[in-house]
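I opened this notebook to keep track of what I looked up, entry by entry, in a structure that was new to me.

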Amino acid sequence: MKDIIAFIDLLKASHLFALCQALLLFIIGFIIAKLISTAVVKLAKHKLTAHGQLFLKRLVFYGLLALVTISALDNVGIDLSIMLGAAGIFTVALGFASQTSASNLISGLFLMIERPFSITDVIKVNDITGEVISIDLLSVKLRTFDNLFVRIPNESMIKSAVTTLTKYPIRRADLKIGIAYKEDIEKVRNLLLDLASKNLICLEEPAPVFILTGFGSSSIDIQFSVWSRRENFLALKNSMYTEIKNAFDQQGIEIPFPHVSLYAGTATAAFPVSATVNDNLNGKAEASATEPSQIEPNTKS
Amino acid sequence: MAETAWWGEFMFNLKQQRCWRLGDRSIILQRFENEWNSWNLESDVENDEDMVVGEPVEDCCIEQAKFGRYLQQSTSERIQVLPLLADRSVVARPDTPLTLLAGEKARLYVSTPIWFSAKLQPKGEKLLDLPFWRPSDSWFGPSTRIGQICYAKYTAARIQLTNIEKRAHRAITPITVINNHSESLTIERINVPVTLLHLYSDEASQLWTTGISVHRGSHIDNVELHLDKHAPVEAISSVLVSNPRVASEQSILIRSISSLFA
């Protein structure tokens with residue numbers, strides 16, 4: 001028994017005991033910080049967005065953790081003023097060593113303050129489009145529509161143009177259509193406007209816009225812009241293109257593909273091109289196609 | 001216009017079918033022991049025919065209808081069918097833009113589409129909430145950033161009540177606009193907040209909503225929107241049919257002028 005008491009006294013006298021105490025304090029503090037931050041978010045759940053909830057949770061958690069850490073260090077007997085001085089020098093050294101991380105960290109803070117998008121928004125960065133699932137200090141995490149997880153460093157988010165697709169409730173779909181030169185533009189315009197007015201998910205206001213973008217190499221190019229609620233954007237595009245194709249087919253309006261006309265000499269009649277089928281040649285071609293072993297390979301070329 | 005109401009409480013025996021039909025447009029309900037089935041047969045063109053309630057007709061094209069199954073441990077035999085106003089505001093447009101001169105007052109009539117709602121009795125669980133003819137989506141607001149999603153199309157604003165066709169699947173909203181401003185008010189489109197309005201039926205089973213009064217003050221940009229507490233005077237011997245989708249305790253609402261008129 002005396003040995004045990006002597007051992008405890010020894011422990012108390014040594015730094016090990018203070019260290020264990022500090023470690024225990026830190027672990028308990030960590031758990032309490034976690035619990036309190038979760039509880040605070042649960043209390044304020046109905047008043048905040050998903051973005052706000054995450055921000056509040058992190059703020060409470062890291063705030064409490066900082067207090068616990070200071071208390072634990074104090075318990076070990078480390079003077080905080082010296083620590084802060086050392087931290088200053090350490091930060092400079094660390095800053096040089098980890099410029100990228102520091103830049104991401106600062107960018108992350110700016111992103112959180114500026115809030116160009118929130119969690120659950122759909123954004124487009126460079127060529128990546130996806131739903132924001134997390135905004136962290138170092139990076140933003142996206143889930144793309146083919147269900148891939150993409151991590152984008154905050155620094156590149158700050159530097160590049162970010163398009164938030166879900167910022168406003170309505171979106172415009174620009175339909176690119178080409179019609180043959182012989183078609184009556186006014187007839188096509190009325191037909192398109194009629195289709196838009198019959199489509200229930202196409203907004204009546206803002207009104208659809210018909211723009212004649214120019215004379216293309218094979219077609220008169222038209223841009224027909226229609227509006228929809230943002231959740232109906234793809235459905236509207238699909239339904240409008242399908243309806244336009246069907247209506248054009250019914251009305252005999254040609255949607256041209258690239259045409260090439262051959263002319264002999266000046267602006268005269270087109271060079272007559274006719275296809276003739278030679279039975280003998282055709283027969284040979286068939287024979288050579290069916291018997292490849294009879295064809296000698298040209299090894300010289 | 002049908003003289004008898006197509007709404008109310010209906011009794012369903014086991015395997016009994018009942019159909020609400022407006023020309024080619026049909027909604028059919030059938031009760032089984034553990035489930036309700038519904039068939040929603042839509043048509044493209046809105047028609048003016050009378051509502052017929054009864055057994056489904058033979059050539060009903062039931063296979064083209066959208067089919068729904070609603071499971072219940074034990075189905076009750078009573079069902080409540082109600083007409084409801086649209087679940088969003090409806091934008092109406094006069095044939096030509098109207099200009100209400102300074103200090104003048106006008107009464108407009110707007111006809112808006114009706115939804116078919118079926119609720120199970122006695123608990124009131126929602127079974128169906130369908131428009132007879134879904135209006136087109138629209139946007140109403142001063143810009144593409146600020147505004148609200150509404151319904152448009154199939155609506156018209158008239159100055160003469162006689163110019164509005166009375167139909168079983170439409171309700172009429174009287175709107176009184178009082179312009180006390182020093183400048184005239186041009187009305188190209190009106191945003192009718194139908195989600196806040198009660199629905200009444202008159203002696204001929206024509207549906208009416210609570211009247212609205214819009215007061216434009218002398219110097220302010222905002223307008224006062226007064227929701228009447230009773231059925232409009234045009235609805236003779238009216239009875240309350242259904243309550244608003246969005247309950248509002250206030251009868252006077254302040255709105256910006258751009259949220260009501262364009």
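Is Ser205(B) buried, exposed or partly exposed? I found that Ser205(B) is partly exposed, since 17 other C-beta atoms lie within 10 Å; a residue is called buried if 20 or more other C-beta atoms lie within 10 Å of its own, exposed if 12 or fewer, and partly exposed in between, with C-beta atoms placed from the backbone.

**Ground rules.** I noted that this is a predicted model, in which local features need pLDDT of at least 70 and side-chain atom pairs count only at pLDDT 80 or more, while totals for chains, interfaces and linings use all residues. Residues are numbered from 1 along each chain as its sequence is written, and chains are lettered from A and ligands numbered from 1 in the order in which they are written.

**Backbone angles in chain B.** I stayed with Ser205(B), which has a positive phi of about 60 degrees although it is not a glycine, and placed it in the loop between β18 (199-201) and β19 (207-209) of chain B. Strands here are DSSP runs of E with at least two residues, helices are runs of H or I with at least four, and both are numbered from the N terminus. I then turned to Lys15(B), also not a glycine, whose phi is positive at about 65 degrees; its loop runs between β1 (8-11) and β2 (17-22) of chain B. Lys15(B) counts as exposed because it has 9 C-beta neighbours inside 10 Å. For background I wrote down that most residues other than glycine have a negative phi, and that most peptide bonds are trans.

**Cis peptide bonds.** I found a cis peptide bond between Gln121(B) and Pro122(B), with omega about 5 degrees, and Pro122(B) sits in the loop between β10 (105-120) and β11 (126-131) of chain B. In chain A, Glu205(A) and Pro206(A) are joined by a cis peptide bond with omega about -10 degrees, and Pro206(A) belongs to the loop between α7 (185-198) and β7 (209-215).

**Chain B as a whole.** I counted 23 strands and zero helices in chain B. Its radius of gyration is 20 Å, close to the 18 Å that the globule rule gives for 262 residues, so chain B is as compact as a globular protein of that length; the radius is taken over C-alpha atoms, and the rule is 2.2 Å times the number of residues to the power 0.38. The C-alpha trace spans about 65 × 40 × 35 Å along its principal axes, and buried residues make up 35% of the 262 residues.

**A sheet in chain A.** I traced an open sheet of five strands in the order β4-β3-β2-β1-β5 (chain A), with antiparallel pairing; two strands pair if DSSP finds at least two bridges between them. At the edges stand β4 (149-153) and β5 (162-164) of chain A, each with a single partner strand, so one side of each is left without a neighbour in the sheet. Strand β1 (residues 122-125) of chain A pairs with β5(A) in the antiparallel sense over three bridges, and Ile123(A) has Thr164(A) in β5(A) as its bridge partner.

**Domains of chain A.** I recorded domain 1 (2-97), domain 2 (114-164) and domain 3 (170-251) of chain A, with bounds that come from an automatic or database domain assignment. The centres of domain 1 and domain 3 of chain A, taken over C-alpha atoms, are 62 Å apart.
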